[in-house]
Amino acid sequence: MPSVLTEVSIQAAWQQLSALGPSWSSLTATPLTAAVALLGAVTLLSWVLQVVTGNYSWVDRLWSVMPPVYAWVFALWGGGPNPRLVLMAVLATAWGARLTFNFARKGGYIPTEEDYRWAFVRDWLAKHDPLHPLGRELFSLLFIAVYQHVLIGLLIIPAAFVVHGLGSGVALGAGDILAAIAFLAFLVGEIVADEQQWRFQQRKARLSPEERARAGGDFARGFLTTGVFRYSRHLNFFCEISLWWVIGCFTLLAGAEVLNWTWVGPVLLTLLFQGSTALTEALSVRKYSAYREYQRTTSRLLPLWPRGSFDSQSTRDSSRTEQPG
């Protein structure tokens, strides 16, 4: 049986969403209805742009923008800001600023740019999808546009839980501060990983293939294995997943029981990253013959002490120059 608090929160949310209608007053009746209406609008916009341009990265361009927007909708709506909601919104904004900056400096907001993995997905669908091209268009609508935007909304749904179910229950306290510190620690981990990867890729791009071979090490292999990447092949992925689990903890600090429905966002994000990481790794293995040895010596996500010396292997001359992702 669900807890009373969880039951009340689900019931309150359902009652509000069931009253949604085409009128402005209905769409903006509560922060939840306003957030859901906004989610529907950006989902439709992303799908239309995908169809018109053939580019699947429109959701990627909104991934770092929408959670802070939703968080501030909940934090500032109605009768004065709730301190816990404001703290959650500030943390979401810091996360969004980091990701937006990193995405922008890699050219992600150039309309013609697209994540390199989408081309692989399209090619795979063309070869294996019996409904092609219908299957491709359904994938574009249901997974890329609808599912990912819903997931983006679910990441910040703990704010809805706090404001509708538990916002007036438990005052901001030491637990919230500890959660904020944990969130910021994971955020710093992402920043460090991004910066190390960026500097490596920028320097690698300035070298010719011959210069990379002479430089040896990671430049000859073509991918980064030092710094934080010696302990995790995808530390940024690990930190990204972890900080959204921290956001979910704010529902517990507001008075919810451990098992509540807002964990669906972190759970789905964790599953999404499992698939995304597997695809990234498969492409990296294709690009770099040394990558399998990197997989053998270095943890996939969780930062762990490396298993043996990577540089002891003869991998200098067997790499290519593309970024593994």
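Modeller: Leaving out residues up to four places away in sequence, Ser 232 touches Tyr 294, Thr 298, Ser 299, Arg 300, Leu 301, Leu 302 and Pro 303. The model is a predicted one, and the values below are computed from it.

Where does Ser 232 sit in the chain? Ser 232 belongs to the loop that runs between α12 (217-221) and α13 (235-253). Is Ser 232 buried or exposed? Its relative accessibility is 0%, and Ser 232 therefore counts as buried, since the cut-off for that word is under 20%.

The side chain of Ser 232 has two polar partners to consider. One is the backbone oxygen of Leu 301, which the side chain reaches at 2.6 Å. Leu 301 is also among the residues that Ser 232 touches.

Leu 235 has a relative accessibility of 11% and so counts as buried. When neighbours within four places in sequence are set aside, Leu 235 is in contact with Gly 189, Ala 193, Val 228 and Pro 303. Pro 303 is also on the list of residues touched by Ser 232. Although Leu 235 and Ala 193 are 42 residues apart along the chain, their C-alpha atoms are separated by 6.6 Å.

The protein has 325 residues, of which 46% count as buried, and its secondary structure consists of 15 helices and 0 strands.

In soluble globular proteins, nonpolar side chains tend to be buried together. Here the largest nonpolar core holds 51 residues, and Trp 63, Tyr 70, Trp 95 and Trp 244 touch the most other members. Helix α6 (residues 83-105) gives the most to this core, with 8 residues. A second, separate core has 14 residues, including Phe 219, Leu 224, Val 228 and Cys 239. Val 228 is one of the residues in contact with Leu 235.

Residues up to four places away in sequence not being counted, Trp 63 touches Trp 95, Leu 99, Gln 148, Leu 151, Ile 152, Leu 155, Glu 240, Leu 269 and Leu 272.

The buried residues of α7 are Arg 117, Trp 118, Val 121 and Leu 125. Seen down the axis of α7, these residues fall within an arc of 100°, so they line one face of the helix. An α-helix has 3.6 residues a turn, so residues three or four places apart point the same way. The buried residues of α7 pack against α4 (58-63), α8 (134-155), α13 and α14 (264-287).

Helix α7 (residues 116-128) has 13 residues, which should span 18 Å at 1.5 Å a residue; the end C-alpha atoms are 19 Å apart, which agrees. At the start of α7, a side-chain oxygen of Asp 115 reaches to within 2.8 Å of the backbone nitrogen of Arg 117.

Notes
Residues are numbered from 1 along each chain as its sequence is written. This is a predicted model: local features need pLDDT of at least 70, side-chain atom pairs count only at pLDDT 80 or more; totals for chains, interfaces and linings use all residues. Side-chain values use heavy atoms; hydrogens and water are left out. A nonpolar core is a set of buried Ala, Val, Leu, Ile, Met, Phe, Trp, Tyr and Cys residues joined through side-chain atoms within 4.5 Å. Buried means under 20% relative accessible area, exposed over 50%, partly exposed in between (1.4 Å probe, protein chains only). Helices (H or I, at least four residues) and strands (E, at least two) are DSSP runs, numbered from the N terminus. Contact means heavy atoms within 4.5 Å. A polar contact is a pair of N or O atoms within 3.5 Å; within protein, one must be able to donate a hydrogen and the other to accept it, and residues adjacent in sequence count only if both atoms are side-chain atoms. The expected span of a helix is 1.5 Å times one less than its number of residues. The arc is that of the directions from the helix axis to the C-beta atoms.
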